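These are my notebook entries on one structure. I set down what I looked up, item by item.

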Amino acid sequence: MNKSDIADVLNEIATLLELKGENPFKIRAYQNGARKLETLESDLADLVAEGRLKEVAGFGDALAQKITELHETGGLEFFEKLKASVEPGLVSMLEIPGLGAKKIKALHKELGLKSIEELKEACESGSVASLKGFGKKTAEKILSGIENREAYGKRHLWWDARAVAEPVLEGLKALPEVVEASHAGSFRRKRETVGDLDFIVASETPKPIMEWFVNQDDVKEVTAHGETKSSVRFESGLQADLRVVPPAQFAFALHHFTGSKDHNVAMRQRALAKGLSLSEWGLKPVEDEDFSNSKIAKSEADIFSCLGLEYVPPELREGMGEIEIAENGGIPKLLRGDSIRGSFHNHTTASDGRCSLEEMTEAAETLGWEYWGTADHSKASFQANGLDDARVLEQIKSIEALNDSGRFSTHVFAGIECDILGDGTLDLADETLMALDYVVASVHISMTQGESEMTKRLIRAIEHPATTMLGHLTGRILLRREGYKLDVAKVVDAAIANGVIIEINANPRRLDMDWRFWRQAADKGLLTSINPDAHRAEHFKFVSAGVNTARKGWLSEKHVFNTLSLAEVKQAFARRRPGLDRLK
Ligand code: DGT
Ligand code: CA
Ligand code: CA
Ligand code: ZN
């Protein structure tokens, strides 16, 4: 275990002791120990090895022994026993604002409450209010605390977090004391969801910056307000950490707090192999006690280069082998948002979209897109007003008329989001499908099939000659519903074998197929298209969320179909459908 992991354990011990009503001095000793450990500049491994924990950091015998045991074995018998002796539901009650260990003990003893759910019921039924030392007001406060905790406990979509994060960063950058400022953490790594926001600022005068940060308009609660670190909670429930460091330390802190943890571990190992110790404070010879001889890094790129590595973009810092690849100069040139020249899979008023063909085309033209394509629902999605064969043929005609009219410089392709029926057949007649420029095949019905049935179903749809791409592969809705079960590798192989694209559905709630699958799939030859699944013109901008997914999946321009020019797309569609003649 490293320093911060051990500090977490010590803090947890303090909490457990508090719940058991132990001696306050003992409790404080663990809390102080955790803090000391967190700010310890010397290398823990060295101190343990040399038996100098007590001498250098001033830990007492008992604490030094526990830290050593945790460091060497990753566990602690004392801690395990302590944990087992306390009801776990009581520990989680500590997270409720205004509820300390003393009150929790009383609730447990007097009402026999063992979990937050039971506590909630007891508040609602009035039994908490009638308890001595509690009262109606306290019960109400606990209840609202429980409700807030549910809202605060959850993760947030990256897209929603961005709406909060961007103005904060702009605000920070505008402060006169700020030399440099950046996002960090999972937000900077462009994870699909984020737990909290992290900001790193370079400045010699942190105080006014902290003041500004905790006094922002939509801050609902200040959870920490220190000299160099503050944390706040916004109205949305999203929490944000700010750390201010001296300019010379900025690159190191930015790298450290961008993470991921796994990436940092791999980087530290790499540094150690060169006799260096890397941390948020700097990169110094292992044998140095402090960072006065740290290497100088003006940017993160300098840190990587000190370790003989190519620069690794934040999106790739997930501890998935990126260091080894950077060592051999193999980091790809990742896709950029401005390479996107159009998009497929968009809905219009013909099915469940909010904008007409013309309105969507106008918006696409404003974005500078060379083309965009319709993909309204097919008839099996009747709740979305899906199109039957006749309506599809009608829509093709209006699209041709619009293209012929020359009203817009953006070309419109005629496509469909055709339902994949339960048995893997497609929802429209073959002639209809072949009359379209392209077909996005998606599952919206019979989603509860087992893995092997679903896999076979998707492969059958892939093998249909009209299928151009697969829509939202797993059907997941982030933070709400798991995707359906399927064998992704088999479906990917079938798509490659049949020249079918698998989309990155760029709706911020979907981001499906997930970035974790893309690196390997693209290596095998799979193409993607970044599709906004727009249901109104403003949704075209979802494409940027899809670009994040592509970048996290190590994709470059060459892997992405909608980076092709209009002429190239036309050629690709014609190749797939030789001799195709529109039904007039
Ligand atoms: P999140 O907020 O759950 O979406 O994920 P992150 O990655 O933003 O995590 P967060 O906010 O706890 O910390 C930001 C980064 O700082 C994290 O990716 C790595 C670094 N970091 C923070 N705390 C620790 C720690 O205790 N140990 C290590 N090794 N790294 C840490
Ligand atoms: Ca974070
Ligand atoms: Ca954080
Ligand atoms: Zn769909």
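**Entry 1: the calcium sites**

I looked up Asp196 and found it partly exposed, with a relative accessible area of 23%. I used these cut-offs: buried means under 20% relative accessible area, exposed over 50%, and partly exposed in between, with a 1.4 Å probe and protein chains only. Asp241 counts as buried at 9% relative accessibility, and Asp198 counts as buried at 11%.

I note that this is a predicted model, in which local features need pLDDT of at least 70, side-chain atom pairs count only at pLDDT 80 or more, and totals for chains, interfaces and linings use all residues. Residues are numbered from 1 along each chain as its sequence is written, chains are lettered from A and ligands numbered from 1 in the order in which they are written, and side-chain values use heavy atoms, with hydrogens and water left out.

I then asked which residues coordinate the calcium ion (ligand 3). Donors are N, O and S atoms within 2.8 Å of the metal, or 3.2 Å for Na, K and Ca; water is not among the atoms, so sites may look incomplete. Along the chain, the donors of the calcium ion (ligand 3) have the spacing D-x1-D-x42-D. Asp196 in strand β4 (residues 196–202) and Asp241 in strand β7 (residues 239–245) are 45 residues apart, and the pair links distant parts of the chain. Strands (E, at least two residues) and helices (H or I, at least four) are DSSP runs, numbered from the N terminus.

**Entry 2: aromatic rings**

I searched the whole structure and found 18 aromatic pairs. Rings of Phe, Tyr and Trp (its six-membered ring) pair if their centres lie within 6.5 Å; planes under 30 degrees apart count as stacked, over 60 as edge-to-face and the rest as tilted.

Why does the pair of Tyr30 and Phe78 count as stacked? The ring centres are 6.3 Å apart and the planes are at 10 degrees, so the pair is stacked. Tyr30 lies in helix α2 (residues 24–38) and Phe78 in helix α6 (residues 77–84), 48 residues apart. Tyr30 counts as buried at 6% relative accessibility, whereas Phe78 counts as partly exposed at 30%.

I next looked up Phe561 and Phe573, whose pair is tilted, at 5.7 Å centre to centre and 45 degrees between the planes. Phe561 is in the loop between α24 (543–552) and α25 (566–576), and Phe573 is in helix α25, 12 residues apart. Both residues are buried. Ring pairs link Phe561 and Phe573 with Phe344, Tyr371, Phe413 and Tyr438 into a cluster.

**Entry 3: charges over rings**

I recorded that the charged end of Arg519 sits over the ring of Trp554, 3.8 Å from its centre. Lys103 lies over the face of Phe134, at 6.0 Å from the ring centre. A charge sits over a ring if NZ of Lys or CZ of Arg is within 6 Å of the ring centre and within 35 degrees of the ring normal.
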